[in-house]
Amino acid sequence: MNRSAQFLNASEAAARLGVSAKALRLYEQRGMLAPKRTEAGWRVYGPEEMARAAAIVALRGLGLSLAQVARVLRGDHDCLESALAAHQERLEGQIRQAADTVERVRAIRMDIAAGRLPSVADLTRLIRPEAEIVAAFDLPWPWGGERFELSDIRPLNYIIGPLGSGKTRLAQAIAAALPDAAFIGLDRLDNGGREAVRLLEADPGLNTRVSRIVAWLIEDGATVSPALTALLVSMETQAESVLVIDMVEQGLDLATQEALSAYLKRRGAEAKPLFLMTRSSAILDLASVTAGEAIILCPANHSPPVCVAPYPGAPGYEAVATCLATPEVRARTEGVIAWRPAVA
C-alpha cells in the first residue's frame, strides 16, 4: 500500500473538508489539530488528523465557538445543549419550508389535472420558495444615474470597492431602497462609542443580548473594545431590520474580525439579511465564501456595481481581491477618504 497516498497537503485536506487552509491553520494555532510535517517542513494530514479535523468542522457547523469545540474534544459536552437546540430550530424551519413547497406542488398538480397550466413564476417558486427582496433605484453620484436592480439577496452581502468607488453611497442607497432597512454608519464610534454604553445601561434586555454575543466572541478570540460594543449595540437595537453596515471592521483587531465574521456566518435562518461594507480580508475571506454570501463590487472606473462570483477567474474576482487587505494593512489607510477636485 502506498502510505504517502494516505496523507494530504494543506490545500488537499482543506478541499476535502470543505474549509479553507486558513481555517486549518487556525485550528492548529488553537491546539485542536496537530498535522504532521514532511522533512521539508510542509504540513500533511493523515487519517487521524483528517478525522479530528472533520469533527471540528462538524462541531463548528453546529454553531459552536472554537473554545466550545475545544471543550467538546476534551470530553466536556455541557455546551452542546444550546447549539443542538439552535440546530433543531433550523431543521424544523427547513421542514416547515419543505412542507409549504409540497403543498404548492400538490396545488399545481391539481390545477394541471383541471386543465389550468402553471406560470413560469409559479414553477420558479417551487425551486426558490423564499420570497426574494428586490430593490430598484437610480444610482447616485459617482455614477450617471443608471438603473440598478438588486435581487437574490443572501444572508450576508458584502459591498466592496477601492477608495472613491462610491461604495458608501451605494450602501446608503441600498438602505434607502430596501423596505425596513437601516444604515449603520461610522457615527456609531463618535465620542468613543459612549452612546452605546448609555443604551446598554438604560436597557437591561439589550445588555443581556449584547453580553451573550460578546461572550461567544471572546471564546473565539475577540477582544472587547468600544468599537465592538458600539457595533453590536447598533445591530441589536435594529435587529428587526435589514442592516447595511459601513466599514464593519473599523476599530477591530484581526482576532476580533475573524471571530465576528464566524459569528455572522452562523446567525439563525430567521435573521434578516446583512450588507457589510468592508475592505478587510478577515471579514471577507474569499477562500471560504459560502452559498449564503454574495459580493457586490463597485468598480474603480465607476461602472455600475456588479455581483462577483467568489472563485478565481470569475469576472471581477481579481478586482475584489485587490480591494481586500489584512487589518494591519487596512490600519495604514484608516480614516483616509477619496478626494475629488472641485469643478471650476
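**Entry 1**

I looked up N157 to begin with: N157 stands opposite F275 in β9. Strands here are DSSP runs of E with at least two residues, helices are runs of H or I with at least four, and both are numbered from the N terminus. The model is predicted, so to speak of local features I need pLDDT of at least 70, and side-chain atom pairs count only at pLDDT 80 or more, while totals for chains, interfaces and linings use all residues. Residues are numbered from 1 along each chain as its sequence is written, and side-chain values use heavy atoms, with hydrogens and water left out.

β6 and β9 are parallel and share four bridges; two strands count as paired if DSSP finds at least two bridges between them. On β10 I found five bridges to β6, again parallel, with L156 having E293 as its bridge partner.

I then checked burial in β6, where buried means under 20% relative accessible area, exposed over 50%, and partly exposed in between, with a 1.4 Å probe and protein chains only. Five of the five residues of β6 are buried. L156, Y158 and I160 point one way, and N157 and I159 point the other way.

**Entry 2: the whole sheet**

I read the strand order as β7-β8-β9-β6-β10-β11, an open sheet of six strands with mixed pairing. From one strand to the next the twist averages 25°.

I also looked at β8 (residues 242–245), which pairs with β9 (residues 274–277) in the parallel sense over three bridges. There V244 has F275 in β9 as its bridge partner.

**Entry 3: helices**

I found helix α11 (residues 254–265) lying across β6 (156–160), β9 and β10 (293–297), at about 135° to β6. Axes are lines fitted to C-alpha atoms, for helices over the stretch in contact, and angles run from 0 to 180 degrees between N-to-C directions.

How do the axes of α9 and α11 cross? The axes of α9 (residues 204–219) and α11 come within 9 Å and cross at roughly 120°. The two helices are therefore oblique to each other, given that under 35 degrees is roughly parallel, over 145 roughly antiparallel, 65 to 115 roughly perpendicular and the rest oblique.

I listed the contact, meaning heavy atoms within 4.5 Å: I213, W216 and L217 of α9 meet A259, L260, A262 and Y263 of α11. The contact residues divide into seven nonpolar, no polar and no charged. Nonpolar covers Ala, Val, Leu, Ile, Met, Phe, Trp, Tyr, Cys and Pro; charged covers Asp, Glu, Lys and Arg; the others, Gly among them, are polar.
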